[in-house]
Amino acid sequence: MRAILVNTGTELLLGDVQDAHLAFIAREIFPLGLRIEERRTVPDSDVIRRTLTELFQRCEILFVTGGLGPTTDDITREMVAESLGLELHQDPRLLAWLQQRLQLRGTKWSSGIARQADVLADAQVLPNENGSAPGFYLKANVNPCILSPHIFVLPGPPRELQPMFRKFGMPTLQSIMRVPLPVERRSYSIAAMGESLVEKAIGEKVLAIPGIELGYCAKPGEVEVRIIGEPEAIELADTIIRDELGASIFSADDEALEAVVVKLLKERKETLAIAESCTGGFIANCITNVPGASDVFLAGYVTYANSSKTDILHVDPKMIEQHGAVSETIARAMAEGARARPASTYGLATTGIAGPCGGSDEKPVGTVYVALASADSATIVKKLFFPTDRETFKQLAAQTALDLLRRKMIAK
């Protein structure tokens with residue numbers, strides 16, 4: 001069955017808000033054998049009605065998001081009604097529920113709020129347990145005079161849409177689909193390899209498998225490999241990918257690299273401290289975004305100035321003067337100082353030149369040293385070159401540092 005997603009909201013087209021619905025809905029419906037074939041983003045205007053009318057004959061399932069709130073620009077409900085030739089009527093139970101909800105919150109009632117109790121004829125209401133605007137479902141050809149698909153109209157805020165979709169939308173979708181197609185999807189997160197190198201390693205072999213779909217998505221410091229196909233084909237592709245990419249695969253469960261690192265540290269009952277110069281606390285931020293990181297992350301030091309490297313990490317100022325702050329010697333001293341101060345199992349350090357100025361012929365902009373000190377072996381230092389913008393530079397340096405630590409742990 002063909003499925004299309006329509007996101008409504010002028011704020012999306014202005015760039016004020018980013019769409020979070022495509023990724024969520026696409027992943028939720030995949031086990032049912034459904035995939036989004038097209039996504040449209042339209043403003044809060046009559047364009048909604050024209051777009052719906054155009055798409056009715058091009059799909060069997062249509063998801064429409066946003067524009068169900070109480071303000072004058074929330075017109076999706078009315079646009080859907082017009083495109084289907086259906087009447088809107090006020091549902092007394094919804095109206096009473098809205099009044100009670102606002103009274104409990106001490107919110108002043110307005111006529112706009114009452115619009116959220118308007119329901120299309122023959123629609124199934126999808127309750128909103130996390131907001132005030134209900135969604136609704138309309139069966140295919142709900143108006144016999146107009147050809148139309150199954151339509152799911154959902155609120156815009158992700159915190160409202162996602163639980164509503166899972167609890168009330170998915171059971172309806174399951175009844176429509178009945179028997180899911182025998183198709184699986186797997187993804188693999190690859191560290192420290194460019195997209196072209198990943199494709200060279202696995203592309204030809206995987207695509208030789210009949211019925212397999214292979215795709216890549218490059219991000220700073222990693223590549224996601226995606227395979228889709230029937231179970232037997234998936235298993236053959238899985239074997240090839242794991243044999244060819246080996247330790248470069250850090251996750252097959254959509255985990256971030258920092259989450260994998262925290263999990264490995266917990267399993268080994270080991271700890272980490274970090275000293276950052278050019279990454280400015282980016283690595284520590286990544287680590288502390290992982291729930292439970294406090295069990296293994298002891299300290300993070302942002303030693304941006306040379307004086308802080310000396311005062312906090314006890315790096316010899318004569319070494320900085322002799323070798324420069326961006327050097328293998330200082331990276332090693334920073335990692336060892338970070339490990340020694342809280343007595344952690346590992347010390348991770350970065351020092352580099354993010355640019356756009358500050359480079360030299362010997363150390364051009366983009367140069368970075370990543371160091372890993374550990375209790376059981378000599379300190380490892382890697383020199384890398386990432387000539388890019390500052391934000392991407394920090395992401396690449398952070399991914400490299402985290403992957404260096406990951407590989408150290410899995411090699412034990």
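## Aromatic pairs

The count of aromatic pairs comes to four in this structure, which is a predicted model. In one of them the ring centres of F63 and F165 lie 5.8 Å apart with their planes at 65°, and because planes over 60 degrees apart count as edge-to-face, the pair is of that kind. This pair links distant parts of the chain, since F63 belongs to strand β3 and F165 to helix α7 (residues 158-177), 102 residues apart. F63 and F165 are both buried.

In another pair, the rings of Y137 and F152 have their centres 4.8 Å apart and their planes at 35°, so this pair is tilted. Here too distant parts of the chain are linked, with Y137 in strand β7 (residues 135-138) and F152 in strand β8 (residues 150-154), 15 residues apart. Y137 and F152 are both buried. Together with F24, the residues F63, Y137, F152 and F165 form one aromatic cluster.

An open sheet is formed by four strands, which follow the order β10-β11-β9-β12 with antiparallel pairing. The edges are taken by β10 (213-219) and β12, each of which has a single partner strand, so that one side of each is left without a neighbour in the sheet. From one strand to the next, the twist averages 30°.

Between β10 and strand β11 (residues 222-229), which run antiparallel, there are seven bridges, and A218 stands opposite V223 in β11. Helix α8 (residues 195-207) lies across β9 (184-191), β10 and β11, and runs at about 175° to β10.

## The buried face of helix α3

Helix α3 (residues 47-55) has as its buried residues I48, T51, L52 and L55. When the helix is seen down its axis, these buried residues fall within an arc of 100°, and they therefore line one face of α3. An α-helix has 3.6 residues a turn, so residues three or four places apart point the same way. What covers the buried residues of α3 includes the strands β1 (3-8), β2 (36-42) and β3 (61-65), together with helix α4 (76-84).

## L372 and its surroundings

L372 is placed in strand β16 and has a relative accessible area of 1%, so it counts as buried, the cut-off being under 20%. Leaving aside neighbours within four places in sequence, L372 is in contact with A335, Y346, G347, L348, A378, T379, I380, L404, L405 and K408. The C-alpha atoms of L372 and E222, which are 150 residues apart along the chain, are separated by 20 Å.

## Backbone exceptions in loops

Most residues other than glycine have a negative phi, and most peptide bonds are trans. D254, although it is not a glycine, has a positive phi of about 60°, and its place is in the loop between β12 (249-251) and α10 (257-268). At 44% relative accessibility, D254 counts as partly exposed. K269, likewise not a glycine, has a positive phi of about 55° and is found in the loop between α10 and β13 (272-276). With a relative accessibility of 74%, K269 counts as exposed.

The peptide bond from G355 to P356 is cis, with omega near 5°. P356 has its place in the loop between β15 (346-352) and β16 (367-374), and the latter strand also holds L372.

Technical notes
Residues are numbered from 1 along each chain as its sequence is written. This is a predicted model: local features need pLDDT of at least 70, side-chain atom pairs count only at pLDDT 80 or more; totals for chains, interfaces and linings use all residues. Side-chain values use heavy atoms; hydrogens and water are left out. Helices (H or I, at least four residues) and strands (E, at least two) are DSSP runs, numbered from the N terminus. Buried means under 20% relative accessible area, exposed over 50%, partly exposed in between (1.4 Å probe, protein chains only). The arc is that of the directions from the helix axis to the C-beta atoms. Contact means heavy atoms within 4.5 Å. Rings of Phe, Tyr and Trp (its six-membered ring) pair if their centres lie within 6.5 Å; planes under 30 degrees apart count as stacked, over 60 as edge-to-face and the rest as tilted. Two strands pair if DSSP finds at least two bridges between them. Axes are lines fitted to C-alpha atoms, for helices over the stretch in contact, and angles run from 0 to 180 degrees between N-to-C directions.
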